[in-house]
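This briefing walks through a structure for a reader who is new to the subject. Please keep the sequence and the 3D view open while reading, and look up each residue as it is mentioned.

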There are 2 protein chains.
Amino acid sequence: MSDVALTENEQSEHAYEIDAALVEAVLHSVKTADRDHLVELLEPFHAADIADLFEQINVKERRAFIALWGKGFDGEVLAEIDEGLLEGVFEELSDEVVSEAIKDLDTDDVVDLIEDLEEPQQERILDALDMSDRVAVEQALLYPEDSAGRLMQRELVMAPTHWNVGQTIDYLRKEGDLPDQFYDVVMVDPRLTPVGKVPLFSLLSSPRKTMMTDIMDEEFRTIPVLQSQEDVAYAFNQYNMISAPVVDADNRLVGVITMDDAMEVLDDNAEEDIKRLAGVGDESLIDSILSTTGRRFPWLAVNLVTSILASVVIAQFATTIEAIVALAVLMPIVASMGGNGGTQTLTVIVRAMATKDLTRANAIRIIRREFFVGLFNGIIFALIIGLVGYYWYGSPMLGVVLGVAMVGNMVVAGLAGVLIPMGLDKVGIDPALASGAFVTTVTDIVGFFAFLGFAAMLLL
Amino acid sequence: MSDVALTENEQSEHAYEIDAALVEAVLHSVKTADRDHLVELLEPFHAADIADLFEQINVKERRAFIALWGKGFDGEVLAEIDEGLLEGVFEELSDEVVSEAIKDLDTDDVVDLIEDLEEPQQERILDALDMSDRVAVEQALLYPEDSAGRLMQRELVMAPTHWNVGQTIDYLRKEGDLPDQFYDVVMVDPRLTPVGKVPLFSLLSSPRKTMMTDIMDEEFRTIPVLQSQEDVAYAFNQYNMISAPVVDADNRLVGVITMDDAMEVLDDNAEEDIKRLAGVGDESLIDSILSTTGRRFPWLAVNLVTSILASVVIAQFATTIEAIVALAVLMPIVASMGGNGGTQTLTVIVRAMATKDLTRANAIRIIRREFFVGLFNGIIFALIIGLVGYYWYGSPMLGVVLGVAMVGNMVVAGLAGVLIPMGLDKVGIDPALASGAFVTTVTDIVGFFAFLGFAAMLLL
């Protein structure tokens, strides 16, 4: 039985991985233009896995693959393809394939596709929709990017408050045009304002005569249509929600967001934070060499300016270094420890902001904590590095200079790591994106200045 | 109406934030021992928000809060409390409160609680359970940590394949002991092997006489009970699953995992990667100053060794630096650019591994890409920094040395950023945890060595 085979496959070490053997087999059938074999190879795989396969092969192979597979494309595969590849895929597809594929999708998936495409491809998709879907999609596109309005689907199930369980079930059995998936019936008043939610499991476990209002969950949350997707994802995660009604400014029901959409946003946001902290923007593995070079350039350029600033600081102490060359040998240690300490603090703070754990209520306590953590680790490492410096160059005073500079820079690193992201957040700049450069600038400059400055005072 | 108020509140800028005013009001009622006011303050908040409140206050305040709120604790709040705080909370709670609170929870939540506690508190919870729940929890604890077995709940709804829709609904209406929430009916054969899944929305929209097997989804995935939670979360995210049956080695149904549990794992994993890359382990804002100092120490210690190694390299060129002090001024630039370039590559690679985008099928292509990205950015920055060095010190040869060292270090950085995590992964070490130190060691040493070495050859 195929279910058993699937289970065994899942138990293997690389459970859900498109493996090298499959990629090779697929490429072979593409090269030999053996469409039947290609279809057979891909048949057992989920749309999301097939979409991942596109990231494993290069541009030329992709083009040949698309041409051969042709009608194999359905809406689900298109919905799963990485946004960076989508434009290229659509350019290769015939109108016929596009319009067939689009028909399967709920409006939220169509919106998601269209968002990532250029004008001409957008038109092709809109043309493939029937009139009511087209209106729905075009309306969704009127909402700002990254708003709940773009994330929601308009297909939903609602019921008036005077219905009972039996009426609702009869309606569901008769109604032909239900959403592909749904988990709640939204209860609305005559103005279409949601007043409660009946989860399907409550509906199913209640007698037909039960009034819907008796089993409805009134503690439900509605999502304002203009709310940011980030806040939507936070709410789904925080409150373990499976689906939530979306309302307009008049508090009228306009759509529904389900957990799979929220999960994607949540996942994307964490991913974004990781990459922004390292200065690699929205890069992915499928980007070409040139575009990757371009994406990484800005951060490196910022870092170049930063490190030149640090060099300017060092240059002020050229005569000190000339007199005591040991300073040149040891100075990177102080700067590097500060940079690492600052990055540690920064990372914790940026994530705490993203998960709303850091608020005005505990900010002072956290700043105080980072000061003391910097101080304590600074003292420990000052002792170690002081002894190292002393033994290495036989100068106790050099050890003292190293130690004092270390404590100072670690404290500054801790404070910079918390104050800089807080400050950036306050003026509306994403702290994940910009904090790193500022923090290491501070720790480099303070590190070199403190070490060389103390040395000039105490050792010359 | 309270729903409207909620919606307006959500539309405010800090939609779901526990704000400073609330924290202050709560602390005031704790200080004045005004239990009624405390209960009233917390009443409108979700369990997850109340649990977050615990992270906003200090140890002493927390203790007083717990003593006052007492019976206010229900299972949901306990289930949401940060694992680092849980032990302390349980120590303050009376047996009576614990046993009342535990009764509300599904077994998976109880397992989740027990995992984070020490022996004596675990016993208290087990003692509070009735016999069948206790057996279920103890059995779950026999599964390895981080396995699907620990994540699943045993409460589920299954049906034999010969039932029709009407029989299933009648069963659901009669059965008193249903799970708190469920989204599918799992169809099983007489050996309890899952053969399909009927989503509740299909059940509800089909006539009573329809056979369950006619509307059952056969393309469902089962989760082996020993599968890692990381793979479970990946599958839920990749395949947009809402719930999935869990099976034992004999392919028999033993439980169910729902998307909220998977979402939590996914979220935790991304969080872990971010923090590990910065060397801050599983730190959170609630950790004390001393424990934070301790958690950050190892990474800083590694970095100290690394930077001393780099200093040893510099020390080899002490006489060169004595002769040309400009080298001491400029050398941190080359090392720092390499470190940043390496970290960029590393971050992309570590995330691509976590999301299973980097496989053996595309590894060679990615290594090649990183080589060229390093080369191209290296060339651009070599030109810039070469000119800077030339103008600053009036020596064209110094510019050449800077430029050549820059290209070399950027290429090495790109290769180290991809090869080191791949190598660590191969020998079974988490690349997020350990790669950073290795990569910056390489770029520091290569950076200083290349720059000072070329300088010694070409400038003296």
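This is a predicted model: local features need pLDDT of at least 70, side-chain atom pairs count only at pLDDT 80 or more; totals for chains, interfaces and linings use all residues.

In chain A, helices H16(A) and H17(A) cross in a left-handed manner.

**The crossing of H16(A) and H17(A)**

- Helix H16, residues 229-238 of chain A, packs against helix H17, residues 259-277 of chain A, at an angle of about 110°, and their axes are 8 Å apart.
- Because angles of 65 to 115 degrees count as roughly perpendicular, these two helices, H16(A) and H17(A), are described as roughly perpendicular to each other.
- On the H16(A) side the contact is formed by A:Gln229, A:Glu230, A:Val232, A:Ala233, A:Phe236 and A:Asn237, and these meet A:Met259, A:Ala262, A:Val265, A:Leu266 and A:Asn269 of H17(A).
- Sorted by class, the residues of this contact between H16(A) and H17(A) are seven nonpolar, three polar and one charged.

**H18(A) with H23(A)**

- Helix H18 (residues 289-315) and helix H23 (residues 431-459), both of chain A, pack at an angle of about 15°, with 9 Å between their axes.
- Since an angle under 35 degrees counts as roughly parallel, H18(A) and H23(A) are roughly parallel to each other, and H18(A) passes H23(A) in a right-handed crossing.
- From H18(A), the residues that make the contact include A:Val302, A:Asn303, A:Thr306 and A:Leu309, while those from H23(A) include A:Ala437, A:Thr440, A:Asp444 and A:Phe448.
- The contact of H18(A) with H23(A) has ten nonpolar residues, together with five polar and one charged.

**H22(B) with H23(B)**

- In chain B, helix H22 (residues 396-426) packs with helix H23 (residues 431-459) at an angle of about 155°, and the two axes are 8 Å apart.
- Angles over 145 degrees count as roughly antiparallel, and H22(B) is therefore roughly antiparallel to H23(B).
- The crossing in which H22(B) passes H23(B) is right-handed, and by class the contact of these two helices has 24 nonpolar, six polar and one charged residues.

- Chain A contains 23 helices and six strands, and 49% of its 460 residues count as buried.
- The radius of gyration of chain A is 29 Å, whereas a compact globule of 460 residues would have one near 23 Å.
- Taken along the principal axes, the box filled by the C-alpha atoms of chain A is roughly 90 × 60 × 45 Å.
- Among the contacts in chain A with a separation of 6 or more, 72% are accounted for by residues 24 or more positions apart.
- Where the two chains touch, 115 residues of chain A and 117 residues of chain B take part, and the side of chain A that touches chain B divides into 64 nonpolar, 29 polar and 22 charged residues.

- B:Val110 lies in helix H9 of chain B, residues 107-115, and it counts as buried because it has 27 C-beta neighbours inside 10 Å.
- Leaving aside residues up to four places away in sequence, B:Val110 touches B:Ile102, B:Leu105, B:Ile125, B:Leu129 and B:Val137.
- A:Lys426 belongs to helix H22 of chain A, residues 396-426, and it counts as exposed because it has 9 C-beta neighbours inside 10 Å.
- A:Lys426 and A:Gly394 are 32 residues apart along the chain, and their C-alpha atoms are separated by 48 Å.

**Two loop residues with a positive phi**

- Most residues other than glycine have a negative phi.
- B:Asn240 is not a glycine either, yet its phi is positive at about 50°, and B:Asn240 lies in the loop between helix H16 (229-238) and strand E5 (243-247) of chain B.

Terms used
Residues are numbered from 1 along each chain as its sequence is written. Chains are lettered from A and ligands numbered from 1 in the order in which they are written. Axes are lines fitted to C-alpha atoms, for helices over the stretch in contact, and angles run from 0 to 180 degrees between N-to-C directions. Helices (H or I, at least four residues) and strands (E, at least two) are DSSP runs, numbered from the N terminus. A crossing is left-handed if the near helix is turned anticlockwise from the far one by less than a right angle, and right-handed if clockwise. Two residues are in contact if their C-beta atoms, placed from the backbone, lie within 7 Å. Ala, Val, Leu, Ile, Met, Phe, Trp, Tyr, Cys and Pro count as nonpolar, Asp, Glu, Lys and Arg as charged, and the others, Gly among them, as polar. The radius of gyration is taken over C-alpha atoms; the globule rule is 2.2 Å times the number of residues to the power 0.38. A residue is buried if 20 or more other C-beta atoms lie within 10 Å of its own, exposed if 12 or fewer, and partly exposed in between; C-beta atoms are placed from the backbone.
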